[in-house]
Amino acid sequence: MLDIFLFDPENPLIFTRLFFWLFYVVVLLVYSIIYKERAVRNAFLFAASLFFYWKTSGLFFLILVFSTASDFYLGNLIHYSHRKGWKKFGVIMSVFINLFMLSYFKYTYFFVDTVNALFNLDIEVVNHLALWSNRLTDTHFDVSMILLPVGISFYTFQTISYTVDVYRRKVDPVKHILDFGFYVSFFPQLVAGPIVRASEFIPQLYKRYSLSYQEFGFALFLILKGLFKKMVIGDYLALNFIDRVFSNPTGFSGFENLMALFGYSLQVYVDFSGYTDIAIGVALLLGFRIPKNFNSPYKATSVGNFWKRWHISLSSWLRDYLYIPLGGNRKGRIMTDVNLMITMLLGGLWHGASWQFLVWGGLNGVGLVVYKLWKRISPYEKSKHRAVRFWKIFNTFLFITFTRIWFRSESMEKANQFIYQVTREFNGSIIPQVLWSYRLVFLVMALGYFTHWVPERWKLALLDWFIRIPIWAKVLITALVIFAIYQSWSAELQPFIYFQF
Amino acid sequence: MKPFRIFIFFVVVLLLLSIIALLMPEQGIGVTGDLRLSFLSVSDLFREDTLKMNKSVERLMAGATVTDDPESDPEEDLARTDDTGGEVPQPVVTPANADSLKQSVFRLQFAEGEEDLLAPFFRTLGGLRNGSVVRTRILHFGDSQIEDDRMTALIRYRLQQYFGGSGTGLVPAIPIFSGHMAYEQDQEGEWLRYTFFGKRDSTIRHNSYGVMGAFASVPIAEDADWPLLHFRFNTSRRTGRFNRIRIFLHSYVDKASIAFQVNDTITDTLKHIPDGFSVADYRHHGAVKDLKVHLDLPEGGRIYGISFESDGGLQVDNIAMRGGSGLIFTKMNRGQQKAMLDHLSPGLIMLQFGGNVVPYMNSGYYQRAFKRELQFIKEICPGTPVIVIGPSDMSIKERGVFKTYPTIEPIRDALKNAALDSGFAFWDLYTAMGGYNSMPSFVHADPPLASTDYVHFTALGVNLVAEMFYNALMLEYNNFHLKI
């Protein structure tokens with residue numbers, strides 16, 4: 001029984017586990033009693049969120065608490081001080097503290113490895129935070145490694161947006177630290193976003209709970225859709241095909257490598273968007289509206305359009321808090337391109353601390369810059385013809401999928417192996433055998449792409465139907481979808497098959 | 001809609017699912033031939049999670065000194081050039097310490113009365129150390145678990161550091177894998193690869209495939225354009241440094257020629273190569289970064305393997321047979337295998353199989369069949385000790401849970417019995433890596449030690465188990481020398 005309250009790194013509270021939903025039902029029960037008392041409601045959800053983070057990350061929840069406290073008081077300093085210098089100091093301190101924490105936990109190894117490689121040094125990483133803790137409080141943390149706290153990339157960006165928005169007078173500071181803690185740590189979006197802006201969320205802290213039957217249907221639909229995308233499509237493809245190929249590209253033909261890449265392009269979308277669909281649905285059932293984070297990104301007609309559809313909360317954050325402060329498009333064409341490249345390179349690094357993510361970000365930056373040039377001279381830019389639109393979507397999808405080589409590869413060496421296999425060891429003669437032997441994998445992949453590319457009106461019609469059906473039908477469909485997800489989750493492993501000897 | 005109604009909604013859904021769980025039979029409901037519907041049972045909720053880190057795997061990871069590069073060793077002096085020569089270099093690593101290893105090493109198993117099985121090999125190794133023996137080699141046969149020089153690479157590197165020697169050992173002329181760490185390869189001409197294991201080409205009527213169980217058919221030269229094999233070596237790696245090349249080939253007519261082009265200069269041409277089986281032997285002093293082997297076999301022929309090796313020291317050959325179960329030696333041409341083995345003159349043979357029969361074969365049959373293979377090896381390689389390495393753990397997924405194949409242990413026992421009954425040694429990889437349900441811990445280790453097929457090791461995982469095997473071998477070596 002006590003285990004339920006203890007931190008267990010092997011059993012985090014994540015949406016795809018039964019334990020999360022039991023936790024959620026308990027939260028709903030308490031919430032249904034206290035939801036009318038605004039302050040109590042916010043305090044309760046803050047406590048539930050801290051518990052959620054404790055179960056996911058253990059003592060790292062103290063960092064979340066620190067981040068909450070520092071940004072709450074810095075926000076107050078910025079807003080209430082009369083001197084401009086203090087306001088500036090407050091916002092600089094907030095950005096510095098957040099980026100320092102992010103850099104310390106996420107980028108230390110990357111920087112040390114890079115310095116070692118460049119200057120032929122042998123510097124070893126020491127976790128000074130653990131060292132201080134061990135000296136001061138007699139703890140026994142491992143000082144030889146720095147672990148990455150879950151969700152730190154999201155909540156540091158979220159708190160930066162808060163203090164900057166307070167500085168820009170776009171939002172008033174939160175009055176009570178518990179309210180602010182709730183905003184920073186709200187559990188549905190804490191570990192994988194979306195990055196919720198203070199200006200979008202904080203006004204909701206002071207509103208009464210409201211949820212229509214239609215919104216309930218919409219939230220439930222999002223949750224079921226997200227679980228289906230993540231568990232039936234994403235997890236199945238990853239376990240039975242994609243991970244095997246990317247862990248050992250040279251063990252597979254170029255064709256299998258290429259198929260794994262297309263599979264991954266789908267997997268990364270269904271995983272990430274599925275998770276945020278669930279987050280939005282779970283938050284909405286508690287009466288909180290979180291903005292949409294994905295909008296059919298593989299229907300994008302250009303790289304620029306893709307970034308307006310993919311991880312919208314991050315791309316708009318980068319636009320508002322990096323690209324525009326850098327000068328945006330206000331300082332001439334060349335500087336616009338430079339700013340775009342800087343934004344995309346840093347955006348790449350945000351996704352992961354390695355050279356592969358830098359290459360991935362850089363390629364996306366180049367894609368944006370080249371497209372800007374191309375659209376000036378392209379005779380088809382304004383064409384509404386179906387074939388033109390198809391061609392644009394096709395090319396954008398291919399380019400984005402190509403960049404995924406670096407996004408998915410565990411190292412630059414593995415990325416090079418992947419390219420070598422596709423270009424030198426394609427082995428087209430085994431295509432029929434591969435397609436047949438992995439037919440279930442390819443069927444799931446086809447289902448995933450089909451449901452992505454069907455017209456929006458079809459999806460809306462399904463959503464509309466689900467929203468309108470009576471609640472008992474919703475119960476049955478929910479149980480049926482969970483039953484179907486279980487079939488996929490419990491399916492036998494795709495056996496390992498050799499095509500070449 | 002009030003939160004309490006939403007709460008009730010979730011409770012009703014959970015109740016409905018609980019009813020399904022209670023009504024659903026444990027084995028599920030068959031719908032069509034392959035399709036079976038199942039659902040959680042109450043016992044599933046309280047079942048131990050097999051993905052939890054196996055404590056013995058945690059200990060293995062903590063005790064290992066490997067990385068994903070089998071040759072990563074800061075102690076290694078890459079500037080040394082004398083290790084391709086006949087001289088036995090001084091060891092640069094501390095030898096395995098018998099006292100400390102006894103406590104942690106997962107030991108080899110010997111048949112009763114056969115504890116000195118490895119003595120001749122250890123004597124030879126000792127001879128390499130004191131200079132009384134010039135060379136010896138280990139043939140490491142295995143299935144896809146050793147593909148791409150995996151497992152062998154670390155064993156080779158560690159042993160060569162101590163006993164001398166360098167080079168890749170035997171490699172196929174046309175590899176199935178392109179990821180060798182020591183070299184990159186391509187070829188000109190219509191080369192084809194044929195294997196006796198896996199899918200056999202029915203147009204090949206003979207059974208002379210060489211000891212690697214595979215050969216490359218050499219295209220017929222057209223005028224001045226001889227087919228060629230092109231290798232680019234990474235000489236910063238020990239395996240990428242060698243000064244002897246031996247090509248094991250079969251020409252259909254006599255007067256075949258082979259020209260060696262090293263670093264863009266034709267350095268030697270071997271002419272009048274006879275028909276039938278022969279070995280083209282070429283020595284080169286100095287680093288070989290770029291090698292082109294031009295072949296003029298007037299009516300074509302076969303290459304059974306190419307060995308890049310040092311003049312002296314220890315060679316360790318990686319002979320991977322994808323999909324193989326070690327039951328092909330008796331079926332291939334005996335005389336041809338023997339002729340090749342006589343040239344190779346192995347001091348030790350290692351056979352690492354079993355994984356491919358786990359899902360399919362009866363263990364009793366496998367034991368008898370494998371024993372026949374060992375008997376055959378004993379006959380064509382008399383006096384050469386054999387170590388059989390059993391299969392690793394492999395998982396099946398049942399109702400969402402990964403668990404060890406029920407046939408793993410019987411197959412492991414079949415191999416062990418066959419080995420010990422034949423007077424050879426056995427190393428139990430399955431138990432060494434943690435035994436029952438250790439594979440999920442390998443897959444979910446950080447960094448991962450095995451792939452998500454729950455069968456194959458990652459580079460790090462395979463080096464970890466290879467190091468365990470190396471320690472087991474060195475413990476016996478040290479014990480042998482302590483005794484004498």
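Which domains does the domain assignment of chain B give? Hi everyone, let's start there. The assignment lists domain 1 (18-47), domain 2 (48-166 + 313-484) and domain 3 (170-309), and such bounds come from an automatic or database domain assignment. Between the centres of domain 1 of chain B and domain 3 of chain B, taken over C-alpha atoms, there are 56 Å.

A quick word on the ground rules. This is a predicted model, in which local features need pLDDT of at least 70 and side-chain atom pairs count only at pLDDT 80 or more, while totals for chains, interfaces and linings use all residues. Residues are numbered from 1 along each chain as its sequence is written, and chains are lettered from A and ligands numbered from 1 in the order in which they are written.

Let's stay with chain B. It has 12 helices and 21 strands; helices (H or I, at least four residues) and strands (E, at least two) are DSSP runs, numbered from the N terminus. The radius of gyration of chain B is 26 Å, close to the 23 Å from the globule rule for 484 residues, so chain B is as compact as a globular protein of that length. That radius is taken over C-alpha atoms, and the rule is 2.2 Å times the number of residues to the power 0.38. Along the principal axes, the C-alpha atoms of chain B fill a box of roughly 90 × 55 × 50 Å.

How much of chain B is buried? Buried residues make up 48% of its 484 residues. Here a residue is buried if 20 or more other C-beta atoms lie within 10 Å of its own, exposed if 12 or fewer, and partly exposed in between, with C-beta atoms placed from the backbone.

Now for the inside. The largest nonpolar core has 124 residues, and Ile303(B), Ile387(B), Val388(B), Ala425(B), Val465(B) and Phe469(B) touch the most other members. By nonpolar core I mean a set of buried Ala, Val, Leu, Ile, Met, Phe, Trp, Tyr and Cys residues joined through C-beta atoms within 7 Å. Helix H12 (residues 459-483) of chain B brings the largest share of this core, 13 residues. Domain 2 and domain 3 of chain B both give residues to this core, so it lies between them.

Take Val388(B) as an example. Leaving aside neighbours within four places in sequence, Val388(B) is in contact with Leu351(B), Leu415(B), Ala419(B), Phe424(B) and Phe426(B). Contact means that the C-beta atoms of two residues, placed from the backbone, lie within 7 Å. There is also a second, separate core of 108 residues, including Tyr35(A), Phe154(A), Ile242(A) and Phe9(B).

On to the strands of chain B. Six of them, in the order S3-S21-S18-S17-S4-S16, form an open sheet with mixed pairing; strands pair if DSSP finds at least two bridges between them. Strand S3 (109-110) and strand S16 (313-320) of chain B stand at the edges with a single partner strand each, so one side of each is left without a neighbour in the sheet. Strand S4 (residues 135-142) of chain B runs parallel to S16(B), joined by 8 bridges, and Gly142(B) stands opposite Ala320(B).

Strand S19 (residues 395-398) and strand S20 (residues 401-404) of chain B pair in the antiparallel sense over 4 bridges, with Glu398(B) opposite Val401(B). The hairpin has 2 residues between the strands, and Arg399(B) takes a positive phi near 50 degrees.

Over to chain A, which is divided into domain 1 (38-207) and domain 2 (214-489). The C-alpha centres of these two domains of chain A lie 28 Å apart. In terms of contacts, 20 residues of domain 1 of chain A meet 18 residues of domain 2 of chain A. On the domain 1 side, H6(A) gives the most, with 5 residues.

Where do we find Ser302(A)? Ser302(A) sits in the loop between helix H10 (254-285) and helix H11 (303-307) of chain A. Ser302(A) is buried, with 20 other C-beta atoms within 10 Å. Beyond its neighbours within four places in sequence, Ser302(A) is in contact with Tyr371(A), Lys392(A) and Thr396(A).

Finally, how do the chains meet? 38 residues of chain A are in contact with 42 residues of chain B. H20(A) gives the most to the chain A side, with 9 residues. That side divides into 22 nonpolar, 11 polar and 5 charged residues, where Ala, Val, Leu, Ile, Met, Phe, Trp, Tyr, Cys and Pro count as nonpolar, Asp, Glu, Lys and Arg as charged, and the others, Gly among them, as polar.
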